[in-house]
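This briefing is meant for a reader who is meeting the structure for the first time.

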Amino acid sequence: LEVIAVYSESPIKTYGLHQFSNLALVRLEYSPDQTCESESLIKALNEADLKYQVAVQQMPTPSRIVLQFVVDYNRVDRFMDLMADQFGRKQALSPQTLGPVELVHFSGPHFGDRYGVAAAAFAAVEEAGLAVVLSGFSASSVYMVLPVGSVEKLRPYWTKHFELPFKS
Amino acid sequence: LTALAHGKLAGEATPVNTDRVRIKLGGLKISHRFAFIQIATASLTVGPERLFGLLAQQQINLAFLTTSGLASDGQLSFCVDTDDLTGTLAIVESEACGHRPYDLVADVSLLSLYPTKSRLTFVGCSLLAFTQNRIGVYAASSSISALTFVLDRSQIAGAIEALSSFFELPGRSSWLEESTRIKQIDTIKPE
């Protein structure tokens, strides 16, 4: 069954643009064979009791998995300490952190079913002269991680491409 | 990714500890008929905004997208409807250099778990469940309350079975298996 939907809107309507600052990006790299390391990672994640803002996994090659997530900048040291407790000096999973970083998040009606959302989001970032560190688009949610100081620069370009439900 | 063409990683599955306390999961959503494409940004002759703009002009929806890295180390991973695959590859090849500048898995499904409450434990447990069972996850991303995994379609049943060692899954009758595809048609040309 296929449903044809028509959205007569320009710019694209959203439910709002949410921005977050003082965040850290954590990057872990491992191979699918590192199951034991993954178990230890879960112990560290459990003990850290961290909540993520966005989590993204990619597999650049069959032997290389890259997991990245964004968490509170003030709590990342604790996570890294727990990682060190679990892994010692082996440097397994090659943990790296980047921060502070900023995050924009927005969603809109049926975003997962509609073309043009990513094009508009990346066009706004490009026009603002910024670079996206990490992004995840799934279901109706869009997350873009940007270098610190980017979100305010982005806002005027953002409103060219997306409609916010209220002025803020 | 050619080695992952059937979504099964090499090696033996790791014995699963069934005594662990499982995390209660509210729901599962499964969507089929997607193709997965991955490109290193270094092989693109244009920026991602240009590539995504060209896809939008052809009314091609990116049902799932992740991008990472800056400049030369970047990676774009996305899913399109299998009906849009030919058009997508034509655009990718026109905007990238080299022979076959992308990795392609022609028949993937999206498996979403919810609610995750943004807990990293959900991410770790699900990835470990897949790793232990040698199920290749091409990509994953979070949304407001869900985690979505891109998996080989033939591995979906095995993936759900794998998750059951870490999660208390809802009854099968409450799984959402997408049978309706919403397609947007153009009334306004994208910029």
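In helix H4(A), the residues Ser150(A), Val151(A), Leu154(A), Arg155(A), Trp158(A) and His161(A) are buried. Seen down the axis of H4(A), these buried residues fall within an arc of 135°, so they line one face of the helix. The model is a predicted one, and the values below are computed from it.

**Helix H4 of chain A**

- The face of H4(A) that is turned away from the buried side carries the exposed residues Glu152(A) and Lys153(A).
- An α-helix has 3.6 residues a turn, so residues three or four places apart point the same way.
- The buried residues of H4(A) pack against several elements of chain A, namely strand S2 (12-13), S3, strand S6 (96-107), H3, strand S8 (141-147) and strand S9 (162-163).
- With twelve residues, H4(A) reaches 17 Å from its first C-alpha to its last, which is close to the 16 Å expected at 1.5 Å a residue.

**Chain A as a whole**

- Chain A contains four helices and nine strands, and along the sequence these follow the pattern β-β-β-α-β-β-α-β-α-β-β-α-β.
- Of the 168 residues in chain A, 57% are buried, while the accessible surface of the chain comes to about 7300 Å², with 49% of that surface belonging to carbon and sulfur atoms.
- Among the contacts in chain A with a separation of 6 or more, 76% are accounted for by residues 24 or more positions apart.
- Lys43(A) has its place in helix H1 (residues 35-48) of chain A, and it counts as partly exposed because its relative accessibility is 48%.
- From C-alpha to C-alpha, Lys43(A) and Phe111(A) are 35 Å apart in space, and they are 68 residues apart in sequence.

**Salt bridges**

- Side chains of opposite charge can pair when their charged atoms come close, and a search of the whole structure finds five salt bridges over all chains.
- One of them joins the side chains of Glu29(A) and Arg64(A), at 2.5 Å from N to O. Glu29(A) lies in strand S3 (residues 17-30) of chain A and Arg64(A) in strand S5 (residues 64-72) of chain A, so this pair ties together parts that are 35 residues apart in sequence.
- Both partners are partly exposed, Glu29(A) with a relative accessible area of 22% and Arg64(A) with one of 26%.
- A salt bridge of 3.1 Å, N to O, is formed by the side chains of Lys160(A) and Glu127(A). Since Lys160(A) lies in helix H4 (residues 150-161) of chain A and Glu127(A) in helix H3 (residues 117-127) of chain A, the pair ties together parts that are 33 residues apart in sequence.
- Lys160(A) is partly exposed, with a relative accessible area of 48%, and Glu127(A) also counts as partly exposed, at 33% relative accessibility.
- In chain B, the side chains of Arg33(B) and Asp81(B) meet in a salt bridge at 3.9 Å, N to O. This pair links distant parts of the chain, with Arg33(B) in strand S2 (residues 27-40) of chain B and Asp81(B) in strand S4 (residues 75-81) of chain B, 48 residues apart.
- Arg33(B) is partly exposed, with a relative accessible area of 32%, whereas Asp81(B) counts as buried at 11% relative accessibility.
- Salt bridges that share partners join Arg27(A), Glu29(A) and Arg64(A) into one network.

**Aromatic rings**

- Over all chains, a search of the whole structure finds nine aromatic pairs. The rings of Phe69(A) and Phe79(A) have their centres 5.6 Å apart and their planes at 80°, so this pair is edge-to-face.
- That pair links distant parts of the chain, with Phe69(A) in strand S5 of chain A and Phe79(A) in helix H2 (residues 76-87) of chain A, ten residues apart; Phe69(A) and Phe79(A) are both buried.
- The rings of Phe122(A) and Phe137(A) have their centres 6.0 Å apart and their planes at 20°, so this pair is stacked. It links Phe122(A) in helix H3 of chain A with Phe137(A) in strand S7 (residues 134-138) of chain A, 15 residues apart.
- Phe122(A) counts as buried at 5% relative accessibility, and Phe137(A) counts as buried at 7%.
- One aromatic cluster is formed by Phe106(A), Trp158(A) and Phe162(A), and Trp158(A) is also one of the buried residues in H4(A).

Technical notes:
Residues numbered from 1 in each chain as written. Chains lettered and ligands numbered in written order. Predicted model: local features only at pLDDT ≥ 70, side-chain atom pairs only at ≥ 80, totals over all residues. Heavy atoms only, no water. Helix = DSSP H or I, 4+ residues; strand = E, 2+ residues; numbered from the N terminus. Buried < 20%, exposed > 50% of the residue type's maximum accessible area, 1.4 Å probe, protein only. Salt bridge = Lys/Arg side-chain N within 4 Å of Asp/Glu carboxyl O. Contact = heavy atoms within 4.5 Å. Areas by Shrake-Rupley, 256 points an atom, 1.4 Å probe, with all protein chains shown as cover. Phe/Tyr/Trp six-rings, centres within 6.5 Å; stacked < 30°, edge-to-face > 60°. Expected span 1.5 Å × (residues − 1). Arc of directions from axis to C-beta.
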